[in-house]
Amino acid sequence: MEKLLKISRIIDALNEIIGKITSWLVLVLVVVGGWNVVGRYLGRLIGTNLSSNAYIEAQWYIFDLIFFFAAAYALKYNEHVRVDVFYSKWNPRRQALIEILGTLLFLIPFCGLVIFYSWETIVNSWSILENSPDPDGLPRYPIKTTIIISFALLILQGISQIIKNVAILKGLQPQEESGDY
């Protein structure tokens with residue numbers, strides 16, 4: 001079990017790093033979004049366009065990165081939305097069992113389906129080096145690739161959660177408040 005818990009800690013550390021980096025993208029998103037607004041109105045005043053489709057698409061792409069890469073981080077911290085009418089009243093062992101079943105029956109298959117069905121579209125996008133149809137738009141193929149990466153990270157975090165929940169079923173408890181085993 002100790003080897004599995006070590007793998008879980010490695011996955012957690014990876015998603016922790018990605019989550020922290022992603023959190024800084026929120027600031028970048030605010031700056032780019034602010035520039036889009038200021039540039040549009042200031043540009044009208046001085047008669048020069050200070051914004052472009054590239055800035056607008058950059059704002060969308062940054063939001064996509066935040067949404068996609070924060071998913072595994074949120075799972076690590078149990079921050080996904082759930083209806084826990086019964087769950088909150090159950091003991092930790094029963095909660096762990098439900099978490100394992102939910103991850104195996106829903107999370108991992110769903111992520112696998114997303115990767116499977118998006119793969120061909122993403123490969124095609126790379127093969128033609130797809131760009132935005134808008135003037136001055138950004139390339140589309142890199143942002144589409146984040147779909148596969150983010151869902152793979154979500155699968156990895158799901159595996160980490162399974163390992164930690166199996167440890168709970170075996171009677172192991174977290175070493176500290178961080179949730180490490």
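**Cores and helix packing**

The largest nonpolar core has 16 residues. A core here is a set of buried Ala, Val, Leu, Ile, Met, Phe, Trp, Tyr and Cys residues joined through side-chain atoms within 4.5 Å; buried means under 20% relative accessible area with a 1.4 Å probe, protein chains only. L107, C111, I115, F151, L153 and L154 have the most contacts inside this core. Helices α2, α3 (92-127) and α4 each supply at least two of its residues. Helices are DSSP runs of H or I, at least four residues, numbered from the N terminus. I115 touches I148, F151, A152 and I155, leaving aside residues up to four places away in sequence. Contact means heavy atoms within 4.5 Å. A second, separate core of 5 residues includes L29, V32, A58 and I66.

This is a predicted model: local features need pLDDT of at least 70, side-chain atom pairs count only at pLDDT 80 or more, and totals for chains, interfaces and linings use all residues. Residues are numbered from 1 along each chain as its sequence is written, and side-chain values use heavy atoms, without hydrogens and water.

Now the helix pairs. The axes of α2 (residues 53-76) and α4 (residues 141-169) come within 8 Å and cross at roughly 10°. Axes are lines fitted to C-alpha atoms over the stretch in contact, with angles from 0 to 180 degrees between N-to-C directions. That makes α2 roughly parallel to α4 (an angle under 35 degrees). Among the residues that meet are F68 and L75 in α2 and F151 and L154 in α4.

The axes of α1 (residues 2-46) and α2 also come within 8 Å, but cross at roughly 155°. The two are therefore roughly antiparallel (over 145 degrees).

Note on methods:
Parallel < 35°, antiparallel > 145°, perpendicular 65-115°, else oblique. Buried < 20%, exposed > 50% of the residue type's maximum accessible area, 1.4 Å probe, protein only.
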